[in-house]
Amino acid sequence: MLTITAYSAELVKDPFGIIPGKRYEFNLEVDVPEDDELYTANGIYLRVIYGVDEGQSRIIKYDIHENSTDTYLEFDLEDEELAVVDTFCKEHLPQDE
């Protein structure tokens, strides 16, 4: 199971109002156990686009990257890991700017 160790989050501005609701970009630094397929010696981070619209919130998209090389890793998170990320993002939404 992954553990979120640090994060940053910001509102993605949509000056033309094309996207309904609000979008936030989260960068989550995570630790994963050595026996997990996501494990790399350099560590990983997640880039998550999180949407909030009419009281509903959800992960729209996420990417997994290696920390030091910024290499995109073609893996999918498991359902339990997605639930952890979704809950974290929901609880750490930034105040609107």
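Which residue forms a salt bridge with Glu 25? In this predicted model, the partner of Glu 25 is Arg 47, with the closest N and O atoms 3.0 Å apart.

The model is predicted, with local features needing pLDDT of at least 70, side-chain atom pairs counting only at pLDDT 80 or more, and totals for chains, interfaces and linings using all residues. Residues are numbered from 1 along each chain as its sequence is written, and side-chain values use heavy atoms, with hydrogens and water left out.

**View 1. Salt bridges around Arg 47.** A salt bridge is a side-chain nitrogen of Lys or Arg within 4 Å of a carboxyl oxygen of Asp or Glu, and the structure holds four of them. The pair of Arg 47 in strand β3 and Glu 25 in strand β2 links distant parts of the chain, 22 residues apart; strands (E, at least two residues) and helices (H or I, at least four) are DSSP runs numbered from the N terminus. Arg 47 also meets Asp 63 in a salt bridge of 3.7 Å, N to O, and Asp 63 lies in strand β4, 16 residues apart from Arg 47. Asp 63 is buried at a relative accessible area of 11%, whereas Arg 47 is partly exposed at 27% (buried means under 20%, exposed over 50%, partly exposed in between, with a 1.4 Å probe and protein chains only).

**View 2. Pairing of β3 with β2 and β4.** Strands β2 and β3 run antiparallel and are joined by nine bridges, and Tyr 24 has Tyr 50 in β3 as its bridge partner. Strands β3 and β4 are likewise antiparallel, over 10 bridges (two strands pair if DSSP finds at least two bridges between them), with Val 48 standing opposite Tyr 62 in β4. Two residues lie between the strands of the β3 and β4 hairpin, where Glu 54 takes a positive phi near 50°.

**View 3. Val 85 in the largest nonpolar core.** Such a core is a set of buried Ala, Val, Leu, Ile, Met, Phe, Trp, Tyr and Cys residues joined through side-chain atoms within 4.5 Å. Val 85 is one of the members, out of 21 residues, that touch the most others. Leaving out residues up to four places away in sequence, Val 85 touches Leu 2, Leu 28, Leu 46, Val 48, Ile 59 and Leu 77, where contact means heavy atoms within 4.5 Å.
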